[in-house]
Amino acid sequence: MDTHTIDTADNPDPRPEEETPWLTAREQRMWRAHLEVAKLLEYQLSRELQPHNLAINDYEILVVLSEAPDHRMRMTDLATATLQSKSRLSHQITRMENAGLVLRQECPGDRRGLYAHLTEQGWETMQRVAPDHVRSVRAHFIDRFTPEQLDAIYEALAPVADHLRGLRGRS
């Protein structure tokens, strides 16, 4: 993403160009490093899930459901937790249902509500794949840092995550 390109049709900020707070070379370097690391890490983790016949989104859903009470969540809550639209999540859950990893269940007392429920096969898949995935996360990310760097990165990113979570749902 080139932060110096101005497209007034897509730019909701009507300020003149001279008022744009352009990124400094230092800020640009950090921003681009962040984008590259995020994309490369997701690519690598996705590649390493392929032998398990899982996509990174499948794995994320398995994790979230495995940590939920009774291994189930309302679809709307699962969409929020995985940062997916309800429509995209519905397609994802259909694929995972076809693979035997999850089931959709009606919500008692709410005719329109649905749960996504982790099946026994989904739980077994999670237990089988998790050790490999954790080793990958460790090898490609966690072990690249000292304990002090891990603390500093967390301290730097936590307020950004809090800010962005606060913006969710706003137009």
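## Ground rules

In this predicted model, local features need pLDDT of at least 70 and side-chain atom pairs count only at pLDDT 80 or more, while totals for chains, interfaces and linings use all residues. Residues are numbered from 1 along each chain as its sequence is written, and side-chain values use heavy atoms, leaving out hydrogens and water.

## The sheet

Let's begin with the strands (DSSP runs of E, at least two residues; helices are runs of H or I, at least four; both numbered from the N terminus). Three of them make an open, antiparallel sheet in the order β1-β3-β2, where pairing requires at least two DSSP bridges between two strands. β1 (72-74) and β2 (102-107) are the edge strands with a single partner strand each, so one side of each has no neighbour in the sheet. From one strand to the next, the twist averages 30 degrees.

β1 is joined to β3 (residues 110-118) by 3 bridges, and M73 has A116 in β3 as its bridge partner. Helix α4 (residues 86-98) lies across β2 and β3, at about 120 degrees to β2. Such angles run from 0 to 180 degrees between N-to-C directions of axes fitted to C-alpha atoms, for helices over the stretch in contact, meaning heavy atoms within 4.5 Å.

## The largest pocket

Which residues lie nearest the centre of the largest pocket? They are H34, A38, L41, F141 and L157, out of a lining of 27 residues. α1 (25-49), α2 (56-67) and α6 (147-167) each supply at least two lining residues, and α1 gives the most, with 12.

Technical notes: On a 1 Å grid over the protein atoms alone, a cavity is a set of points where a 1.4 Å probe fits but cannot get out, and a pocket is an open set with protein on both sides within 12 Å along at least five of seven lines; lining residues have an atom within 4 Å of a point.
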